[in-house]
Amino acid sequence: MRIYFLDSASTTRPYDEVIETMADVMRNHYGNPSSIHEMGQDAKNIIENVREQIAADIGCEPKEIIFTSGACESNSLALCGTRYNRIITTHLEHKSIEEIIKSSTFTSASYIPVDVYGNISFDYFQNILKTYNSALVSIQYGNSEIGTIQDIARISNAINGRDFVLHVDATQVFPEGSINVKNLGIDLMSVSAQKFHGPKGVGFLYCRDGIALSPLIYGSQENGLRGGTYNTPAIAGMGKALEINRGALHSYVNACTSMNRDNLAKRMLEIPGVHLNGPKLDVNRLFNNLSICIDGVKASDLVTLASIYGIYISAGSACCSGESVPSSTLKAIGLNNDEALSTIRITVDETLNDNDISYIVEILSGLIKRLRTS
């Protein structure tokens, strides 16, 4: 059966070259990077080359890159390791951010309201800044559920020159969008390799030089900020994925993905009682994202039935899709409980063609009718 994987926001298939790179490292470069002998230094060179590669890509110094197990750990290190006890954020953030705030030592948390498209209220944000002398600001760059892309440069400009630190979860944007952390005024940035055809279980935190952090995992690695033996194969795989993404075909792939997204959206929105959540299909939305509310249909039921036909979609963020409570993101943009629980997320890639889209719409529209009459 043909597989239609429409859940790229949760993960992506590793490139074949990534798998080959990782296998080669496991087979031939298995020394411990912390060892001073030749095999250890061979592995260390692989890690440091990737560190330099990432630093060059985002416009920072190699020493400002901290390798982690992925964005959740990076978010945890950025928030739990900070000296600040106040945080300014939104209800659109990743589940890891939500849970950190609930369980951490922040003495206060202020939430910036958003409009129906998921854009933050800058007037409200600026008023909050006037009430605090210092705080950590944590804003997701691109929202995985509704696709909203925040104006990070404007956010950083608002706090420039004051005792505020800006953390950005860029997991859904990197490396699809070009990010220069210095130009954008980002102090801390979380990234996960699995979102751009790299391996699972690896990512990084950019930490601007001068930002003081305390470790979550103690050890000598990463200048004492992240202990544990380096996962050399995964780090090498992340570097290979970034290299491929930055290749000559990257813009073509993005254009194809955006076209597939728009074609699929047009067909899906022709189904009665189907509505688009979040921003319009333009530059303010992640290029592969569709969030669709379907009247009279429970999203979890549609997701389950669609998988029988080889169509893999999501009922929201993968970190929350197993829950029966409405998404905080969907509630924040004004959806009621029924609407939130009737919302599916489709995130496409460049591999779809017109025949695929026709099949997907035919199956989903049939299942929608079936669920509405059952």
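His167 has Leu188 in β7 as its bridge partner. Strand β6 (residues 163–169) and strand β7 (residues 188–192) are joined by 3 bridges and run parallel; for strands to count as paired, DSSP has to find at least two bridges between them. Strands here are DSSP runs of E with at least two residues, helices are runs of H or I with at least four, and both are numbered from the N terminus. This is a predicted model, with local features needing pLDDT of at least 70 and side-chain atom pairs counting only at pLDDT 80 or more, while totals for chains, interfaces and linings use all residues. Residue numbers start from 1 along each chain as its sequence is written, and side-chain values use heavy atoms, with hydrogens and water left out.

Zooming out, β6 and β7 sit in an open sheet of 7 strands, ordered β2-β8-β7-β6-β5-β3-β4, with mixed pairing. The edges go to β2 (65–68) and β4 (108–111); each has a single partner strand, so one side of each is left without a neighbour in the sheet.

Now for the helices. Helix α5 (residues 122–131) packs with helix α6 (residues 152–159) at an angle of about 25 degrees, their axes 10 Å apart. Axes are lines fitted to C-alpha atoms, for helices over the stretch in contact, and angles run from 0 to 180 degrees between N-to-C directions. On the α5 side, Phe122, Phe125 and Leu129 meet Arg154, Ile155, Ala158 and Ile159 of α6, contact meaning heavy atoms within 4.5 Å.
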